Structures are given as C-alpha cells and as structure tokens.
Amino acid sequence: MTARLQAKPLLLGLGVLMLISILVSLTLGPLNLALADTLSALAHLAGLPVDANEQALLVIGQIRLPRTLLGIAVGAVLAITGVATQALFRNPLADPGLIGVSTGAALGAAFAICLGGMAAPLWFQPYLLSICAFAGGLGVTAVVYRLGSRNGQTRVGIMLLAGIAITAMAAALIGLLGYLADDATLRQLTSWNLGSLNGASYARLWPLLLIALGVAAWLPRRAAALNALLLGESEARHLGIEVERLKAELVLCTALGVGAAVAAAGLIGFVGLVVPHLLRLLAGPDHRLLLPASLLGGASLLLLADTLARMLLTPAELPLGIVTALLGAPFFLYLLIRRGI
Amino acid sequence: MSRRQPRSLSYAKALCAGASLWFAAQCVQAADVSQRWVSAGGSVSEWIVELGGQSHLVAVDTTSQHPASLEQLPKIGYQRQLSAEGILALGPDLLVGTEEMGPPPVLEQLRRASVRVEVLSSEASLNALEQNLNQLGAWLGDPEQARQRFAAFSGDLQKLSTRLASNKDEAPKVLLLVGGAGDRPLVAGSDTVGAWLLAQAGAKNLATHTGYKPLSNEMLVGLNPSFIVIADRRANGPAAAQAFIAQNPGLANSRAAKEKHLLPLDATLLVGGLGPRLPAAAEALANTFHPSLASTAAQQP
C-alpha cells in the first residue's frame with residue numbers, strides 16, 4: 001500500500017464498520033434472537049411505542065446493551081490512549097502499558113482479589129476490584145511520571161526506563177500475591193488478567209463512559225500539538241507548543257482512560273498497540289485523522305472480538321484478551337511482512 | 001425461553017401460559033419432568049445424578065466430570081466464570097451450584113432473566129450436606145429418597161468411625177497433595193474436602209494452613225509424612241505416584257516414599273463440597289492407613 005487513504009473515505013468506512021460491529025454485537029450471541037426482535041427491543045428501550053418480545057427485551061436491555069457499550073468504551077479508550085502514548089514516546093511501537101498503568105491496575109486488582117475479601121465491608125465488595133484497579137493504575141503512573149520529571153521537565157527516556165523498572169516491581173508483587181493465594185483465588189486472578197466484558201452492568205459502566213467521553217473529547221483537540229511533537233520536543237517548543245504541559249496531559253489521559261478501562265474489563269492486550277499502528281500504516285501519521293480513526297477502529301475491533309469470545313465456545317465463554325491478541329497479532333505480522341518494515 | 005424451544009408442555013406450564021415469564025418460572029413444580037437444570041460444581045452434579053435427576057440436566061460446568069454420563073452434556077465453562085447469555089441460551093429453569101459459582105454480576109443477570117439461581121453450600125461438613133440433599137430432594141420431588149441417601153452416607157461414616165475408634169493404632173501422619181508431577185503441588189489444609197476426608201479415614205493431617213496452598217519440597221520432607229495422598233487431575237493410579245516421586249527427588253527419602261505409601265486419589269472427589277463417593281473413598285483410605293482395620297473389615301459379612 002503506497003497510497004494513503006483519504007481522510008473522509010477512511011473515517012466513513014470506519015464509521016460504517018463500527019455501526020456494523022454494534023449491530024453484530026447486539027444481534028449475535030449464544031441466544032438466538034431474530035433480528036426483528038432485536039430491533040423492536042432496541043426501539044422499545046429507546047422509548048419508542050413499539051411492542052417487544054419480553055425475552056428479547058431482557059437479553060438486549062440487561063445483557064447485550066451494557067456489554068456493547070462497555071466494549072465500545074474500552075476499545076475506543078485503549079486505542080486512543082495508544083495513540084497518545086505513541087505520540088508521547090514518539091515511537092509507533094509504544095503501548096499504554098509502558099507508563100505502568102496496566103501493571104499498576106493489575107496490582108490493584110491482585111490486592112483486591114487476594115486480600116480484599118477480609119478487609120472490605122460487604123456492601124463495598126462488588127466495587128472493590130474496580131476501584132483498586134483504577135487506583136493502582138493511577139498510582140503507579142504517578143510514580144513513573146514523578147521519576148521521569150526533574151526541574152519541571154519530563155524526560156520521556158527516563159520515564160520509559162522508570163516504567164520498565166516499576167512494572168517489573170509491580171509484576172513481582174503480583175507474583176507474590178499469587179504465590180500466597182489459594183487455588184481458587186489464583187484462578188480468578190488469571191482470568192482477570194485475560195480480560196472480559198462478561199457480566200457488564202450499567203452500574204459499572206458509567207464511570208468508564210464518563211472518562212471515555214472526556215478522553216475522547218480532549219485528545220483530538222490536541223491533535224495539532226501532537227503533530228508538532230512528532231517533529232521533536234524542541235521543534236514543537238519552537239512552534240509554540242507548551243510541551244511539558246502537553247506531556248502531562250498525555251500521561252493523565254492515558255492513566256485515567258486505561259485505568260478505567262482495565263478496572264471495568266480486566267487486562268485486554270494488543271488493542272492499544274495494534275489499532276493505532278494499523279491505521280497509521282493505512283492513513284499516515286496525521287493525528288487529526290489518526291485519533292478519531294483509532295477511536296472507531298478500537299471500538300470495532302473490541303466488539304467483534306467480544307462477539308467471537310461469546311460465540312466460539314458456547315455455552316461457555318473465552319476471555320476477551322485471548323481473542324484480541326489471537327486476532328490482532330497475526331494481522332499485525334502480516335502487515336509488517338508485507339510492508340517490509 | 002419455552003417459547004423458543006418447544007418441549008413437552010407440562011400442566012403447570014400450560015396453566016401459566018398467559019402469565020409472564022417470571023410467573024412461569026415460579027410456579028413450575030419441583031416434580032415437573034420438563035424442568036431444565038444447569039449444574040455447577042462437581043459434587044452438586046454428582047448428587048443430582050445420584051438422586052435420579054440426570055434427565056433434568058441440560059448442561060454442567062467443567063468441574064462436573066463424574067459420573068462419565070455427564071461428559072456428553074454441554075459445558076458452561078468453569079463454575080467461577082459463567083456466561084449469562086450462554087446459560088440463557090440453554091433455556092434453563094434452574095441453575096444450581098455452590099457459593100463457588102460466579103461471577104456475581106452474571107448470577108444477577110440470570111436472576112433478572114427469571115432463571116432460578118440456587119446456591120448450595122460447598123462446606124465440607126455433614127450439616128451442610130444434609131441441607132443440600134434436603135434441598136435437592138425437594139426440587140426433584142423426592143425428599144424421602146434424599147433423606148435416605150443422607151442417612152446411608154452418614155451411616156457409612158459412622159460405621160467407619162466406630163471401627164476406627166475400636167482400633168488401637170495411632171493415627172498416621174498424612175499429607176494430601178493436589179496436582180501432578182511437575183506441578184507445585186497444593187497441600188490440603190483445614191476447611192477443605194481433602195482434610196475432611198483424611199479426618200474421616202482416621203489420619204492426622206500434617207498441614208496446618210487453611211485451604212489448598214503450595215508448600216516447598218523442603219517443608220514436605222521436613223514434615224516427613226508416613227503417607228502422601230496424591231490427587232492428580234491427569235494421571236491416575238500408581239503411575240501418578242511414581243511420576244510424582246521422579247519429579248520430586250527430595251521426597252524419595254521421606255518415610256512415605258520409602259515405605260511406598262504414596263496413595264493416588266481421584267481428584268474429582270474433592271470439588272464442590274461432599275460428594276456421594278466420599279464414604280467409600282474414606283473407607284479405602286482408612287484400610288490403607290490402618291492395616292489391622294482392613295483385616296477386621298474382611299471378617300465382617
């Protein structure tokens with residue numbers, strides 16, 4: 001592919017892809033619902049005066065719709081923060097995990113899973129895991145950011161190395177917790193590390209949706225500044241960009257977005273790395289196009305992967321992280337080989 | 001759900017035909033043969049089959065591996081990672097499992113979809129078992145059979161403990177390991193079915209922790225058990241014990257290994273509370289732990 005795709009057809013195509021993914025995610029599942037039932041249930045939920053099959057209403061309203069919304073939010077946030085991290089490190093192979101947010105969240109989750117049962121009051125238990133994961137992600141990122149900053153300057157090289165070191169430490173702590181855990185807890189920990197949208201409910205959805213909307217609204221406003229950053233930090237500074245502030249914003253957006261996504265759905269690999277990279281191959285590095293395209297692409301990939309995760313082993317279900325990596329990695333390799341990068 | 005899959009309509013359901021799905025699920029009688037059950041947890045499924053309820057079962061979880069007839073049923077995955085829609089697609093009236101079943105949001109979704117979700121106890125105690133069996137008996141419409149089955153279960157154990165009490169042998173020091181050659185084996189501590197089984201068989205469990213946890217080989221050697229019971233999910237029989245020692249040479253010098261006291265145990269016995277095969281397993285173990293007991297057993301008619 002030598003010619004880059006134009007902005008409008010690309011965004012239009014991705015938009016259509018996302019609509020199709022949403023429809024697929026809502027209509028396909030282990031439970032066979034007729035398309036007409038699905039649509040009338042959706043219309044009914046939207047408040048239109050349409051009669052709907054009671055079972056369809058329940059499945060769509062209580063199971064598939066929250067799950068689809070969660071999938072959109074998680075996929076979009078992971079992909080768009082992937083773009084932000086890649087811009088921050090000026091490296092197309094950077095991943096949001098580099099600043100420690102994923103491992104930090106995993107550490108928080110491991111604490112909640114292994115030790116939470118004893119300490120937390122009963123009414124708090126359902127939220128404990130998500131809150132610990134979110135706090136862990138933010139906390140570890142804050143440490144990494146502080147280590148990379150000196151005299152009001154953030155050096156991304158130092159931040160990268162600090163991220164690697166802190167990640168290794170957090171991974172060791174997770175290992176320790178896993179070692180102390182009993183059989184059943186260990187199993188829960190493993191499955192959380194593979195991510196899933198299973199059991200999505202509106203109560204868990206809205207914090208992530210708010211953050212996702214915030215991040216998705218904010219980052220594209222900084223697209224021009226991100227483009228300038230591509231040239232190099234001092235070049236961007238000469239172009240009048242407040243580089244330090246921009247870097248802090250990127251770290252904050254990534255920590256909030258990925259932290260919330262991981263808290264809601266567990267660790268889901270590869271979306272944040274592959275989707276932006278893929279679209280960069282297709283459309284070039286202009287962030288004005290790359291950010292919205294990644295948002296649409298990430299949401300679509302996650303929804304399609306989740307539909308597969310639900311369908312492949314019915315009535316059981318595959319962890320989502322397995323499917324995204326199994327789908328994403330070969331496609332990525334194919335592109336790498338074909339483009340000879 | 002019944003709308004989607006036409007089945008032999010019961011009277012109870014016919015009466016409810018006009019009512020909502022919720023109402024339909026509530027008024028289905030326990031004895032209704034068209035009831036569709038999904039079971040999660042090895043022992044729960046085993047008891048359902050034992051009490052004659054296999055015809056109700058439309059799917060089980062991956063820990064339900066015994067009896068072999070359950071293998072043909074669709075698997076709903078691991079009991080802690082159930083999928084709401086996958087289970088709904090089976091059109092069940094009842095999902096029964098233990099408190100190990102989850103995750104909680106999925107159970108909540110199923111309840112909202114008017115699937116009756118019943119949670120039995122997985123505690124390794126006779127009280128818990130009696131309650132579980134009473135419940136299952138009531139749902140299956142044969143409480144009397146469930147009562148008899150419990151009486152037989154506790155009677156067998158009572159007989160065994162009487163024989164053990166009359167036996168003057170000292171209780172041997174035993175460890176029960178879950179996992180096979182090449183794993184870090186998990187040692188059964190208190191509050192586990194494994195520890196309960198050892199106690200019933202007249203052994204002293206050397207493990208002092210709670211639940212199943214890994215112990216280092218050095219600890220195992222230091223504890224120097226006279227018997228090691230090995231519940232391996234992959235290998236069964238003497239081969240499992242041999243392979244285990246081959247992988248853990250440190251244990252080759254323990255008393256248990258020297259005296260060839262490595263006892264294989266079916267790992268499916270230990271999942272999801274007390275199962276119907278445990279009295280027989282306890283008796284077999286007791287006969288091995290107390291050789292003099294075996295000879296008295298042989299004299300009995």
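Colleague: In which loop of chain B does B:Pro103 lie?

Modeller: This is a predicted model, in which local features need pLDDT of at least 70 and side-chain atom pairs count only at pLDDT 80 or more, while totals for chains, interfaces and linings use all residues. Residues are numbered from 1 along each chain as its sequence is written, and chains are lettered from A and ligands numbered from 1 in the order in which they are written. Helices (H or I, at least four residues) and strands (E, at least two) are DSSP runs, numbered from the N terminus. With this numbering, B:Pro103 lies in the loop between strand 3 (94-98) and helix 5 of chain B.

Colleague: What is omega for the peptide bond that joins B:Gly102 and B:Pro103?

Modeller: The bond that joins B:Gly102 and B:Pro103 is a cis peptide bond. Its omega is about -5 degrees.

Colleague: Where in chain B does B:Pro67 lie?

Modeller: The peptide bond from B:His66 to B:Pro67 is also cis, with omega near -5 degrees. B:Pro67 belongs to the loop between strand 2 (57-60) and helix 4 of chain B.

Colleague: In which element of chain B is confidence lowest?

Modeller: Confidence is given by pLDDT, the predictor's score for each residue from 0 to 100. Chain B averages a pLDDT of 83, and 83% of its residues score at least 70. Its highest mean, 96, belongs to strand 1 (residues 37-39) of chain B. The lowest, a mean of 41, belongs to helix 2 (residues 21-27) of chain B.

Colleague: How many contacts beyond four places in sequence does the model have for residues 11-31 of chain B?

Modeller: Two residues are in contact if their C-beta atoms, placed from the backbone, lie within 7 Å. The pLDDT stays under 50 over residues 11-31 of chain B. Where pLDDT is low, the predicted coordinates should not be read in detail. With that caution, the number of such contacts for residues 11-31 of chain B is 27.

Colleague: Which helix gives the largest share of the side of domain 1 of chain B that touches domain 2 of chain B?

Modeller: The domain assignment, an automatic or database one, gives chain B domain 1 (11-120) and domain 2 (170-299). Here 12 residues of domain 1 of chain B are in contact with 7 residues of domain 2 of chain B. On the domain 1 side, the largest share is 6 residues, and these come from helix 3 (residues 42-50) of chain B.

Colleague: How many nonpolar residues has the side of chain B that touches chain A?

Modeller: In this interface, 30 residues of chain B are in contact with 24 residues of chain A. The elements that give two or more residues to the chain B side are helix 4 (84-88), helix 5 (104-112) and strand 8 (212-214) of chain B. Ala, Val, Leu, Ile, Met, Phe, Trp, Tyr, Cys and Pro count as nonpolar, Asp, Glu, Lys and Arg as charged, and the others, Gly among them, as polar. The chain B side then has 6 charged, 7 polar and, as nonpolar residues, 17.

Colleague: Does A:Phe270 count as buried or exposed?

Modeller: A:Phe270 lies in the loop between helix 11 (243-265) and helix 12 (271-283) of chain A, and its phi is positive, near 80 degrees, although it is not a glycine. A residue is buried if 20 or more other C-beta atoms, placed from the backbone, lie within 10 Å of its own, exposed if 12 or fewer, and partly exposed in between. Because A:Phe270 has 22 C-beta neighbours inside 10 Å, it counts as buried.

Colleague: Is B:Lys260 buried or exposed?

Modeller: B:Lys260 lies in the loop between helix 11 (255-258) and strand 10 (262-266) of chain B. Its phi is positive, about 55 degrees. Because B:Lys260 has 11 C-beta neighbours inside 10 Å, it counts as exposed.

Colleague: How far apart are the end C-alpha atoms of helix 7 of chain B?

Modeller: The expected span of a helix is 1.5 Å times one less than its number of residues. Helix 7 (residues 143-166) of chain B has 24 residues, so its span should be 34 Å. This agrees with the model, where the end C-alpha atoms are apart by 35 Å.

Colleague: Which residues have the most contacts inside the largest nonpolar core?

Modeller: A nonpolar core is a set of buried Ala, Val, Leu, Ile, Met, Phe, Trp, Tyr and Cys residues joined through C-beta atoms within 7 Å. The largest such core has 188 residues, of which the largest share, 19, comes from helix 3 (residues 54-89) of chain A. The residues with the most contacts inside this core are A:Ile80 and B:Val229.
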